[in-house]
2 protein chains.
Amino acid sequence: MQTKRLPRAVREQQMLDAAVRVFSKRGFHAANMDEIAELSGVSKPMVYAYHGTKDELFLATLRRECSRLIEHIIALADASLPPDQQLWRGLKGFFEFVGAHRDGWSVLYRQARSLEAFSAEVTDMRRNIIQVIAHRLDVALQLEGRQVRPEDLAAQALSLVGASESLADWLADHPEEDPGRTATRLMNAIWMGAEQLLQGKTWKPQTP
Amino acid sequence: MQTKRLPRAVREQQMLDAAVRVFSKRGFHAANMDEIAELSGVSKPMVYAYHGTKDELFLATLRRECSRLIEHIIALADASLPPDQQLWRGLKGFFEFVGAHRDGWSVLYRQARSLEAFSAEVTDMRRNIIQVIAHRLDVALQLEGRQVRPEDLAAQALSLVGASESLADWLADHPEEDPGRTATRLMNAIWMGAEQLLQGKTWKPQTP
DNA sequence: ACGTAACGTTACGCGCGAGTAAGTTCAATT
DNA sequence: AATTGAACTTACTCGCGCGTAACGTTACGT
């Protein structure tokens, strides 16, 4: 290959790009630094020079992918929209991101959550999302004059997130599937509920 | 320690018990065979003699925990019950199992799913469960004279499983929580749906 | 045009843990 | 009580992969 020398900032990003791919393909432990280095078009000590240890490199990739995901979602799910529209847009944004960044998703979840050293990081992020969802649900409920126990709110939000992750996994393995379609399916599952489905009621996006 | 010598069958089970604990505590890679051996009250070569390589040992523990889980669930979710009761009992069985076998659950999911070498195994199991759920849902729909596209059925089942896993994770970290209560919360989330919740409608078990 | 600092390399140290060879002790069978 | 084989141990080998020391090279400011 033998490409040009590059400024640090650029090389750092290339390394993160490489890291995402390798970590997602091999898993944290099986991934080795030489492969990541090679994929960044550079040799191993450079990776250590720019990103420290393997753990630190992993954390860096994790954080980058994570913030990209969050940004993409919050840009879409405007809190002033009606609840189902908020949910719909948020989900659509989420699935679009997963569809477009398969391996980023994999690094975030498959890997990080199962590793003692990193689970705290991703658990925090997850808790934040869940809290936001629970809060918005709470607002919607209060507008209707309802009151629900906090644990039940949390359970609802947790279910939603779990279901989303599950469909996201599936989406990551099905390139041909449209993210919007997946989001719609999830709306039917979580917004309408199984009972409604049995009665033939389905949810449809108002504005396609 | 220096306990008595034990027949192979017994020792094998002790090894699996130890393996579940260590794999769940440390993760597959970080777990080392010496620790598992020690926890089984025996030295490393015995583990190799009885269970082969580390991979094979992991697979053995995975399979044992897995079949225990499945058996426990199908024993409860009788197909002749009405749909919501099937779901309710299946979920209750599932959460009871998770509550009683925390580390078994961890080995099954956190670890196995993120490891290339084992993901196939657990994915197969998962696919089976999803298919069963989708099928029973289909039966229920046909009794109502409805028809739903297979992918939508699958998505509904997938959401349910994802939400269950999510709550199971939460339950595994909250010893004080009653599994039945968690199951009820999930029924509210997935059976009633968020829209119903907003309207103040909740699901309650008929027979406590 | 030349010094220097950032970019980059080759080649190794070293610990850890999977897996094994060779030998020992106990308990059941004859 | 001798035998035999299953249960169990100690004490290694060996490769892999993280992390680094020591050493080149190119761009860029002056």
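Reply: Helices here are DSSP runs (H or I, at least four residues), numbered from the N terminus, and their axes are lines fitted to C-alpha atoms over the stretch in contact, with angles from 0 to 180 degrees between N-to-C directions. This is a predicted model, in which local features need pLDDT of at least 70, side-chain atom pairs count only at pLDDT 80 or more, and totals for chains, interfaces and linings use all residues. Residues are numbered from 1 along each chain as its sequence is written, chains are lettered from A in the order in which they are written, and side-chain values use heavy atoms, without hydrogens and water.

In chain A, helix H7 (residues 116–143) packs on helix H8 (residues 150–172) at an angle of about 125 degrees, the axes lying 8 Å apart. Contact means heavy atoms within 4.5 Å; among the residues making it are A:Ile129, A:Ile133 and A:Leu137 of H7(A) and A:Leu153, A:Ala157 and A:Val161 of H8(A).

Chain B superposes on chain A by a rotation of 180 degrees with 0.0 Å of shift along the axis, RMSD 0.1 Å (least squares on C-alpha atoms of residues with pLDDT of at least 70 in both). That is the relation of a two-fold axis. In chain B, the C-alpha nearest the axis belongs to B:Gly193, 1.8 Å away.

The contact between the chains takes 43 residues from chain B and 43 residues from chain A. Since 100% of the interface residues of chain B are also interface residues in chain A, the copies meet through the same surface.

Key
Helix = DSSP H or I, 4+ residues; strand = E, 2+ residues; numbered from the N terminus.
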